[in-house]
Amino acid sequence: MRILGIETSCDETAVALLDFRGSGFKIVKNLVSSQVKIHARYGGIVPEIAAREHVKTIIYLLKEAKISSEIIDVIAVTRGPGLITSLLVGVETAKTLSYAWGKPLVGVNHLEAHIFSAWLRKNKLLKIKFPALVLVVSGGHTLLALMTDYGRYKVIGETLDDAVGEAFDKVAKMLDIGYPGGPIISKLAGKGDPTAIKLPRAMMKSNNFDFSFSGLKTAVLYKVQGLKLKERLLFDMCASFEQAVVDVLVYKTLAAAKKFGVKTVILGGGVSANKKLREELTRGVKKELFATEFLLPPIEYAGDNAAMAAVAGYFNLQKIRNKKNLLGNWRDLEVDPNLEL
């Protein structure tokens with residue numbers, strides 16, 4: 001089965017072709033066009049500009065990847081959550097190709113695709129042990145969910161305000177160090193002392209698995225107001241902020257894993273590329289969760305890409321392949337910017 005993946009949920013236009021055979025798959029094509037430089041001048045994503053760039057880029061990527069009806073069997077496209085104007089470009093492109101080429105079409109949940117990005121580490125259709133605990137951390141989402149089977153999730157905790165990626169961007173803006181904030185803060189943090197500046201760990205030991213990062217963001221603001229951030233202080237602030245975020249994420253994840261007795265922990269989302277988070281969660285699972293498997297995506301697939309959409313599309317097809325009314329009917333596929341896991 002050869003699946004064409006299409007992803008346009010935010011500011012990356014992505015196309016991928018995956019060839020599924022037996023228990024594995026091959027990434028034949030994987031193209032991503034980023035708009036980071038365009039939106040950097042505004043300090044954040046401008047939805048209208050993002051949508052226009054998707055329109056300009058999507059057909060070019062399909063041509064660059066040499067995608068044609070003869071080489072694909074199924075089309076998988078991200079239908080939500082995300083920016084509605086961006087999502088529409090990808091979904092309408094996929095629906096048009098499905099109609100013109102007579103190919104089945106399946107919609108993909110962007111959050112679920114981030115979960116399945118861990119499968120791209122070994123290019124295998126991993127058979128994980130359930131129950132599994134999923135931590136999704138990105139620019140728009142921060143949540144913990146129990147995964148009891150493929151496609152079956154129960155959210156047990158989520159952010160009450162800012163998502164982790166959003167907090168990184170806002171703090172970077174306060175520090176006037178550029179956009180996107182995550183990679184920049186992480187780089188500067190490597191030169192600083194994570195214990196130098198005292199910052200709060202909101203809700204870390206609350207009696208639930210929700211998160212809150214607005215207070216941490218405000219604490220950074222109060223710390224830097226009226227100060228001229230010299231190089232050393234800037235490095236220390238980045239390191240202390242990053243450490244505070246990672247401490248909360250790791251503590252809550254391990255606590256939830258213990259409470260629900262999970263057999264697998266999965267990390268996904270754009271912030272999963274953060275080196276400190278990857279290292280400390282890996283170490284925590286190994287040390288505190290005996291015989292629990294830990295899955296995380298390769299760094300190059302942590303951000304938005306179409307390869308993860310194709311993998312999620314494959315698993316979705318397994319659920320609906322015997323329901324012909326749900327498979328291949330492009331008319332029924334709709335965008336949902338608020339789609340939940």
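A residue counts as buried under 20% relative accessible area, as exposed over 50%, and as partly exposed in between. With that in hand, let's walk through this predicted model.

N123 has 27% relative accessibility, so it counts as partly exposed. K66 reaches 66%, and therefore counts as exposed. Most residues other than glycine have a negative phi, and most peptide bonds are trans. Two peptide bonds here are cis: the one from F130 to P131 and the one from Y179 to P180.

| Site | Backbone angle | Loop |
|---|---|---|
| F130 to P131 | omega near 0° | P131 between α4 (110-116) and β6 |
| Y179 to P180 | omega near -5° | P180 between α5 and α6 |

Now for the chain as a whole. Its secondary structure comes to 10 helices and 10 strands. The radius of gyration is 20 Å, close to the 20 Å that the globule rule gives for 341 residues, so the chain is as compact as a globular protein of that length. Along its principal axes, the C-alpha trace spans about 60 × 45 × 30 Å. Of the 341 residues, 53% count as buried. Among contacts between residues at least 6 apart in sequence, 74% join residues at least 24 apart.

What about the inside? The largest nonpolar core has 51 residues, and L199, F241 and L249 have the most contacts inside it. Elements that each supply at least two residues of this core include β6 (132-137), β7 (142-149) and α9 (275-288). The largest share, 15 residues, comes from α8. Leaving out residues up to four places away in sequence, L249 touches L135, V137, T142, V164, F211, F213 and L277. Apart from this core lies another, of 41 residues, including I3, A76, L295 and A310.

Which residues lie nearest the centre of the second largest pocket? They are R79, V106, G107, V108 and N316, out of 21 lining residues. About 470 Å³ of space lies in this pocket. β5 gives the most to its lining, with 5 residues, and α10 (306-320) supplies at least two. By class, the lining has 9 nonpolar, 6 polar and 6 charged residues.

Notes:
Residues numbered from 1 in each chain as written. Predicted model: local features only at pLDDT ≥ 70, side-chain atom pairs only at ≥ 80, totals over all residues. Heavy atoms only, no water. Core = buried A, V, L, I, M, F, W, Y, C linked by side-chain atoms within 4.5 Å. Buried < 20%, exposed > 50% of the residue type's maximum accessible area, 1.4 Å probe, protein only. Helix = DSSP H or I, 4+ residues; strand = E, 2+ residues; numbered from the N terminus. Contact = heavy atoms within 4.5 Å. 1 Å grid on protein atoms, 1.4 Å probe; cavity = no way out; pocket = protein on both sides within 12 Å on 5 of 7 lines; lining within 4 Å. Points joined across faces, edges and corners; volume = space filled by probe spheres on them. Nonpolar A, V, L, I, M, F, W, Y, C, P; charged D, E, K, R; others polar. Rg over C-alpha atoms; globule rule 2.2 N^0.38 Å.
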